[in-house]
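Please read the following report with the sequence and the structure side by side.

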Amino acid sequence: MFRSARLTFCLIILVHYSLQETPKKKNGKKDGGNAAAIEELKKQIENIVQELNLLKEQQALQTVCLKGTKIHGKCYLADDTKKRYHAASEDCIAKGGTLSTPLTGDENDQLYEYVRRSVGPEEQVWLGINDILTEGSWLDQASATVRYKNWETEITHQPDGERNQNCAVLSTTANGKWFDESCRAEKASVCEFNIV
């Protein structure tokens, strides 16, 4: 696929330069047809460059999916290196994703199973939610209010940390339930990448 796009790109460049080398008419007027053709070729080149960039992006996402897992139109990639919340979030952003934020119970269950397999059966991973700005108002990485929540409410009545615990983790020991945690704690993480 890349080879055919590269070949098309080279052909367009050759045509573009050959049209520029076409001599002007003897009466000194520019040929309007050549100018229009050159503009059209420039647009085609821009489109091909955009398509190549999109293909590179899709290939990178497929690599992520092969290393991680795919859940509901997203790829997830675990990182068992323990980091503070903000460092983990910045690492995900640098890779083109965000910290994982389940949107449904099914997505949370599948994320929990993936974390158990990839990070460990007794671990916690950062979720992409926090209440740093306003205590009790949990927001995702896009600053949108979190609609789906899976707090542990039977034993410890989460979230219970008030101003001391403004970030959230998914716990494998608690079957995927969420706990609030100090953002300075060091936890593993899972980055999510939208592929749809």
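## A turn and its neighbours

Asparagine 175 sits in the loop between S6 and S7, where helices (H or I, at least four residues) and strands (E, at least two) are DSSP runs numbered from the N terminus. The model is a predicted one, in which local features need pLDDT of at least 70 and side-chain atom pairs count only at pLDDT 80 or more, while totals for chains, interfaces and linings use all residues. Residues are numbered from 1 along each chain as its sequence is written, and side-chain values use heavy atoms, with hydrogens and water left out.

Phi of asparagine 175 is near 55°, a positive value in a residue other than glycine, and at 54% relative accessibility asparagine 175 counts as exposed, where exposed means over 50% relative accessible area, buried under 20% and partly exposed in between, with a 1.4 Å probe and protein chains only. The turn belongs to a hairpin that S6 and S7 form with five residues between them.

Strand S6 covers residues 167-171, and five of its five residues are buried. Which residues of S6 lie on each side? Cys167, Val169 and Ser171 are on one side and Ala168 and Leu170 on the other, and all of them are buried, so that both faces of S6 are covered. In a regular strand the side chains alternate between the two faces of the sheet.

Two strands count as paired if DSSP finds at least two bridges between them. S6 and strand S7 (residues 177-181) pair in the antiparallel sense over five bridges, and within this pairing leucine 170 has tryptophan 178 of S7 as its bridge partner. Four bridges join S6 to strand S4 (residues 124-130), again with the two strands running antiparallel, and here tryptophan 126 has valine 169 in S6 as its bridge partner.

## Nonpolar cores

A nonpolar core is a set of buried Ala, Val, Leu, Ile, Met, Phe, Trp, Tyr and Cys residues joined through side-chain atoms within 4.5 Å. The largest one has 19 residues, and those with the most contacts inside it are Leu111, Val125, Leu127, Ile129, Leu170, Trp178 and Val190. Helix H4 (105-118), S4, S6 and S8 are the elements that give two or more residues to this core, and H4 gives the most, with four residues. Apart from this core lies another, of 14 residues, among them Trp126, Cys167, Phe179 and Ala185.

Isoleucine 129 is in contact (heavy atoms within 4.5 Å) with residues including Tyr85, Trp138, Val146, Trp151, Ala168 and Trp178, not counting residues up to four places away in sequence.

## Salt bridges

Side chains of opposite charge can pair when their charged atoms come close. A salt bridge here is a side-chain nitrogen of Lys or Arg within 4 Å of a carboxyl oxygen of Asp or Glu, and a search of the whole structure finds seven of them. One of these joins lysine 74 to glutamate 192 (3.5 Å, N to O), linking distant parts of the chain, since lysine 74 is in strand S2 (residues 74-83) and glutamate 192 is in strand S8 (residues 187-194), 118 residues apart. Lysine 74 is buried at 7% relative accessibility, and glutamate 192 is buried as well, with a relative accessible area of 9%.

In another salt bridge, the closest N and O atoms of aspartate 79 and lysine 83 are 2.5 Å apart, and both residues are buried. Glutamate 181 and lysine 187 also meet in a salt bridge (3.8 Å, N to O). Salt bridges that share partners join Lys74, Glu107 and Glu192 into one network.

## Local backbone features

Most residues other than glycine have a negative phi, and most peptide bonds are trans. Histidine 72 has a positive phi of about 50° although it is not a glycine; histidine 72 lies in the loop between strand S1 (69-71) and S2 and is partly exposed, with a relative accessible area of 47%.

The peptide bond from glutamine 158 to proline 159 is cis, with omega near -10°, and proline 159 is found in the loop between strand S5 (139-140) and S6.
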